[in-house]
Amino acid sequence: MLGVARRAFRAQPTRAALCRGFLTFVYQFQQGIVLTFGKLGFIGSGVKQPGIRIRVPLFQTIYKVDLRTRITQLESQDIMTSDNVSTRVSAVMYFKVVDTKASVLNVTDVDFGMKQLAQTELRDVLCQKDFNTILESRSQLSAAITAKVEEKARDWGVKVEHIQLKNIDLVDPAMVRAMAKQAEATRERTAAVIRADGEL
């Protein structure tokens, strides 16, 4: 009698482990994609909606994809503008996966790939502009970078919501001082014009 009880006690964890192996949860903000024997064409494979899903261990693999908007801080990029001004630019990108199958099958790492793509396109767009244009047309340039990144990321099943330029800084300290002097001279000329108009 005691031996039977011990065997039953040992069987319970085994059944629980099998259930955990066969059952998986796909959360509300996710979609899953199941591959059977490494392919989509077999029975039981395909895109899975949120809920409790069954998979057969060893034969099936499930990849879960987060569908929420992802916020990625792009690393500061040192660029040379068209008027030869060394500039350091940072930006933030908002994107989300809209095609689960493409995001799993067409790219090894969506987050890393999107970050590298956005940084490359940011440099490519801004290097063609002069420094004043970058400062004055930040919104338009952000929209242009967003459009270029989204076009190339479409095959990855990704929707780029927005890429926003953040900090735009001069790299060369001498250039910073020169720009400050230029701004001060402009303010002085403006003040002189205002005083002259007041005397008239």
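Serine 103 counts as buried, at 6% relative accessibility. Here buried means under 20% relative accessible area, exposed means over 50%, and partly exposed is in between (1.4 Å probe, protein chains only). This serine sits in helix H2, residues 100-105. Helices (H or I, at least four residues) and strands (E, at least two) are DSSP runs, numbered from the N terminus. Apart from neighbours within four places in sequence, serine 103 is in contact with Val65, Val97, Val110 and Trp156, where contact means heavy atoms within 4.5 Å. Take Val65: valine 65 is 38 residues away along the chain, yet the two C-alpha atoms are separated by 8.1 Å.

A word on what you're looking at: this is a predicted model, where local features need pLDDT of at least 70 and side-chain atom pairs count only at pLDDT 80 or more, while totals for chains, interfaces and linings use all residues. Residues are numbered from 1 along each chain as its sequence is written, and side-chain values use heavy atoms, with hydrogens and water left out.

**The whole protein**

The protein has six helices and eight strands, and from the N terminus they run α-β-β-β-β-β-β-β-α-α-α-α-β-α. Of its 200 residues, 30% count as buried. If you take the contacts with a separation of 6 or more, 67% are between residues 24 or more positions apart. The accessible surface comes to about 12900 Å², with 56% of that belonging to carbon and sulfur atoms; accessible areas come from the Shrake-Rupley method with a 1.4 Å probe, and for residues only the protein chains shown count as cover.

Three strands form an open sheet in the order E3-E2-E5, with antiparallel pairing. Strands E3 (46-48) and E5 (60-66) stand at the edges with a single partner strand each, so one side of each has no neighbour in the sheet. Two strands pair if DSSP finds at least two bridges between them; E2 (residues 30-36) and E5 are joined by seven. Within that pairing, valine 34 stands opposite isoleucine 62 in E5.

A nonpolar surface patch of about 1300 Å² includes Phe22, Phe42, Ile52 and Leu58 among its residues. Patches are made of residues with over 30% relative accessible area and no salt bridge, joining like charges within 9 Å and nonpolar side chains (Val, Leu, Ile, Met, Phe, Trp, Tyr) within 5 Å. Strands E1 (23-26) and E4 (51-54) each supply at least two of the patch residues. Leucine 58 lies in the loop between E4 and E5 and is exposed, with a relative accessible area of 86%.

**Salt bridges**

The structure holds nine salt bridges, each a side-chain nitrogen of Lys or Arg within 4 Å of a carboxyl oxygen of Asp or Glu. Here are some of them:

| Pair | N to O distance |
|---|---|
| Arginine 70 and aspartate 111 | 2.8 Å |
| Glutamate 121 and lysine 148 | 3.3 Å |
| Lysine 96 and glutamate 161 | 3.8 Å |

Arginine 70 lies in strand E6 (residues 70-80) and aspartate 111 in helix H3 (residues 110-126), so their bridge ties together parts 41 residues apart in sequence. Arginine 70 is buried at 16% relative accessibility, whereas aspartate 111 is partly exposed at 35%.

Glutamate 121 is in helix H3 and lysine 148 in helix H5 (residues 138-153), so this pair connects parts 27 residues apart in sequence. Glutamate 121 is buried, at 4% relative accessibility. Salt bridges that share partners join Glu121, Asp124, Lys148 and Lys152 into one network.
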